[in-house]
Amino acid sequence: MIEARHLRVLRAVAGTGSFSAAARELGCTQPAVSQQMKALESSAGTPLIVRTGREMRLTQAGEVLVRHATGILAGLVAAEEEIAAIAGLRAGRVRLVSFPSGSSTLVPTALAALRAAHPGTRVSLVEAEPPASAELLRGGDCDVALAFRYGGSAAEWDDLVVRPLLVDRLVGLVPEGHRLADAGKTALEELAEESWIAGCPRCRTQLVDACETSGFTPRIDFATDDYPAVIGLVAAGLGVAMLPELALESVRPKGVRTLTVEPPVHREIVALTLPDLARVPAVAATLDHLVLAAAR
């Protein structure tokens with residue numbers, strides 16, 4: 001019989017590429033990892049890992065088992081949480097991952113309300129941009145992922161439960177002394193000759209797509225995932241940018257002016273979880289409070 005603890009070890013070995021690295025990730029010894037891998041191979045009845053010199057790779061059977069391990073382990077977590085709720089423990093845990101502007105706007109409101117309603121529920125938070133956040137969810141490393149996407153990528157979350165939160169419009173950002181500073185709105189092509197400051201890789205791709213739709217390729221001189229840094233660079237006159245309105249809620253945009261950009265560019269903000277985890281009371285409550293926070 002294949003045991004869950006052995007599947008966790010296999011997933012760690014596959015993810016890190018070695019027994020020693022897996023042992024560090026799991027907080028145990030290398031001999032313990034080796035012993036559990038031998039037990040798993042014995043249960044499976046076939047080798048799962050092939051060692052060639054210093055390298056280690058999965059066999060075909062190992063790849064199949066790793067692929068199924070995520071769903072199996074997520075199902076076990078769901079079972080444990082549902083049993084705890086049935087038993088009346090009034091406790092739960094939720095591992096949340098969010099992109100930075102979501103962490104500073106939607107997440108605080110949602111978690112404060114969640115704590116008030118369910119004080120026994122523990123929530124941890126780490127930050128990651130999509131698509132990495134969705135991969136953390138699929139890998140069993142979080143329970144809820146706050147993510148965003150632009151148009152044309154709907155199929156990427158077909159295997160997940162998607163709770164829509166809001167549609168976030170991007171706005172143009174120019175220095176206070178810019179020729180368009182008092183315009184209020186502008187066509188995107190009016191900024192064709194500007195130096196641009198871009199954000200995360202997904203936002204950068206969307207910027208290029210939007211500009212090319214308007215007939216030009218943006219000259220990107222700076223790129224940073226840090227929204228205050230984007231605002232600082234724009235304020236210093238080093239370029240223009242497009243930022244989500246949600247991002248501007250979490251910073252003080254000193255020295256810049258915002259412009260409504262046409263044609264409009266939007267991103268859809270959602271909360272993601274796995275189908276099994278969606279039935280876990282603490283996860284379901286977290287999703288509900290994120291929806292409420294987005295509606296305010």
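How many cavities of 30 Å³ or more does a search of the whole structure find? The search finds one.

This is a predicted model, in which local features need pLDDT of at least 70, side-chain atom pairs count only at pLDDT 80 or more, and totals for chains, interfaces and linings use all residues. Residues are numbered from 1 along each chain as its sequence is written, and side-chain values use heavy atoms, with hydrogens and water left out.

**Cavity and pocket**

Both are found on a 1 Å grid over the protein atoms alone: a cavity is a set of points where a 1.4 Å probe fits but cannot get out, and a pocket is an open set with protein on both sides within 12 Å along at least five of seven lines. Lining residues have an atom within 4 Å of a point. Grid points are joined across faces, edges and corners, and a volume is the space filled by probe spheres set on the points.

The largest cavity holds about 120 Å³ of space. It is lined by 14 residues, and Ala198, Gly199, Cys203, Leu207 and Met242 are the closest to its centre. At least two lining residues come from each of β8 (195–198), α8 (201–213), α9 (227–235) and β10 (241–244). Helices (H or I, at least four residues) and strands (E, at least two) are DSSP runs, numbered from the N terminus. The cavity lining has eleven nonpolar, two polar and one charged residues. Here Ala, Val, Leu, Ile, Met, Phe, Trp, Tyr, Cys and Pro count as nonpolar, Asp, Glu, Lys and Arg as charged, and the others, Gly among them, as polar.

The largest pocket holds about 490 Å³. Of its 25 lining residues, Arg11, Leu73, Gly139, Gly140 and Asp141 are the closest to its centre. Two or more lining residues come from each of α1 (4–16), α2 (19–26), α4 (60–86), β3 (92–98) and α7 (132–138). The pocket lining divides into eleven nonpolar, five polar and nine charged residues.

**Helix packing**

Axes are lines fitted to C-alpha atoms, for helices over the stretch in contact, and angles run from 0 to 180 degrees between N-to-C directions. Contact means heavy atoms within 4.5 Å.

| Helix pair | Axis distance | Angle |
|---|---|---|
| α6 (106–117) and α11 (281–295) | within 8 Å | roughly 130° |
| α2 and α3 (30–44) | 8 Å | about 105° |
| α1 and α3 | within 9 Å | roughly 115° |

α6 and α11 cross at roughly 130°, which makes α6 oblique to α11. Angles under 35 degrees count as roughly parallel, over 145 as roughly antiparallel, 65 to 115 as roughly perpendicular and the rest as oblique. The crossing of α6 and α11 is right-handed. A crossing is left-handed if the near helix is turned anticlockwise from the far one by less than a right angle, and right-handed if clockwise. On α6, the contact residues include Leu106 and Ala110; on α11, they include His289 and Leu290. This contact has nine nonpolar, three polar and no charged residues.

α2 and α3 pack at about 105°, which makes α2 roughly perpendicular to α3. Phe19, Ser20, Ala22 and Ala23 of α2 meet Gln30, Val33, Ser34 and Met37 of α3.

α1 and α3 cross at roughly 115°, so α1 is roughly perpendicular to α3. Their crossing is left-handed.

**Cis peptide bonds**

The bond from Pro130 to Pro131 is cis, with omega near 10°. Pro131 sits in the loop between β4 (121–127) and α7. The bond from Glu262 to Pro263 is cis, with omega near 0°.
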